[in-house]
Amino acid sequence: MRKKIVAGNWKMNTTPVEGVELAKGVAEGKKEVCDCVNFIVCPPFTHLSEVVKVTRGTGIAVGAQDCATEAKGAYTGEVAASMIASLGVEYVILGHSERRQYYGETSETLNKKMVQAYANNLTPIYCVGESLDERKAGKHFDVCKAQIEEVVFNLTPEQFSKLIIAYEPVWAIGTGETATAEQAQEIHAYIREVLASKFGEAAAETPILYGGSCKPSNAAEIFAKEDVDGGLIGGAALKAEDFLAIGKGF
Ligand code: PGA
């Protein structure tokens with residue numbers, strides 16, 4: 001049985017005070033959602049410490065949205081995985097398309113971030129996904145495959161056993177346009193096949209989340225698909241009620 005996961009990527013939204021309120025709202029409402037759903041909230045770095053405190057003991061886990069490629073030193077503005085982990089944070093989103101697109105993240109940088117994440121016991125939520133042009137050209141399978149081969153294939157089997165993947169088609173992120181449940185299933189199944197070609201049966205246990213305009217009204221249909229194990233939620237994670245309602249989609 002694979003884990004069911006609903007992770008909220010708050011991106012660069014909320015003040016620290018608002019973030020704490022949001023986290024508290026999720027913690028309070030969680031009891032109305034099946035215990036089988038694992039909720040993760042990923043606020044900005046500045047909120048992590050307080051959000052860890054208010055979610056402690058509630059069953060809600062906390063993730064960061066990124067980490068540095070290096071362990072420490074003269075890297076102005078960067079935040080090391082060890083710093084994040086020392087706060088009690090358990091997860092880190094790596095390779096989000098916004099990081100790839102706006103901050104030039106490549107497989108090379110992501111390999112280094114993976115090393116840092118695992119060295120500090122942070123579980124990566126590794127994002128893959130194609131742009132609209134790539135989808136139109138029918139290249140979505142190849143793009144996701146390359147993003148996996150170039151990074152995930154460098155993991156040890158033990159590291160791989162902890163990994164979470166998020167498939168996020170760039171054309172569906174923040175656009176209101178969602179992949180259909182069939183499109184999601186098709187590519188999730190393909191991603192699992194690619195993972196299995198390297199890691200064998202262990203790939204059957206890897207949670208693969210869908211992300212891209214996932215909301216209460218479409219979550220259930222998408223989560224019902226065999227190879228979809230939950231969602232990485234952006235906009236709809238900023239309202240506790242909506243985020244929780246997505247969790248009821250299982
Ligand atoms: P969205 O973002 O739900 O706002 O489309 C998802 C994401 O980028 O993680």
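The structure is a predicted model, in which local features need pLDDT of at least 70 and side-chain atom pairs count only at pLDDT 80 or more, while totals for chains, interfaces and linings use all residues. Residues are numbered from 1 along each chain as its sequence is written, and side-chain values use heavy atoms, with hydrogens and water left out.

We may begin with the ligand. Around the ligand are 13 residues, and K11, H96, E168, G174 and S213 come nearest (a residue is near a molecule if one of its heavy atoms lies within 4 Å of it). By class, this shell has 4 nonpolar, 7 polar and 2 charged residues; here Ala, Val, Leu, Ile, Met, Phe, Trp, Tyr, Cys and Pro count as nonpolar, Asp, Glu, Lys and Arg as charged, and the others, Gly among them, as polar. From the backbone, an N or O atom of G235 lies 2.8 Å from an oxygen atom of the ligand. Taken alone the ligand exposes 280 Å², and the protein buries 95% of that (accessible areas come from the Shrake-Rupley method with a 1.4 Å probe).

The ligand sits in the second largest pocket, in the sense that more than half of its atoms lie within 2 Å of the pocket's grid points. A pocket is an open set of points on a 1 Å grid over the protein atoms alone, where a 1.4 Å probe fits and protein lies on both sides within 12 Å along at least five of seven lines; lining residues have an atom within 4 Å of a point. This second largest pocket holds about 190 Å³ of space, a volume being the space filled by probe spheres set on the points, which are joined across faces, edges and corners. Its lining comprises 16 residues, with G174, S213, C214, G234 and G235 nearest the centre.

The largest pocket holds about 440 Å³. Of its 15 lining residues, K11, M12, Q65, R99 and Y103 lie nearest its centre. Helix α4 (residues 97-102) gives the largest share of this lining, 3 residues.

Finally, T178 lies in the loop between β6 (164-167) and α9 (181-199); helices (H or I, at least four residues) and strands (E, at least two) are DSSP runs, numbered from the N terminus. A polar atom of the T178 side chain lies 3.4 Å from the backbone oxygen of S213.

Terms used: Polar contact = N/O pair within 3.5 Å; in protein donor to acceptor, adjacent residues only side chain to side chain.
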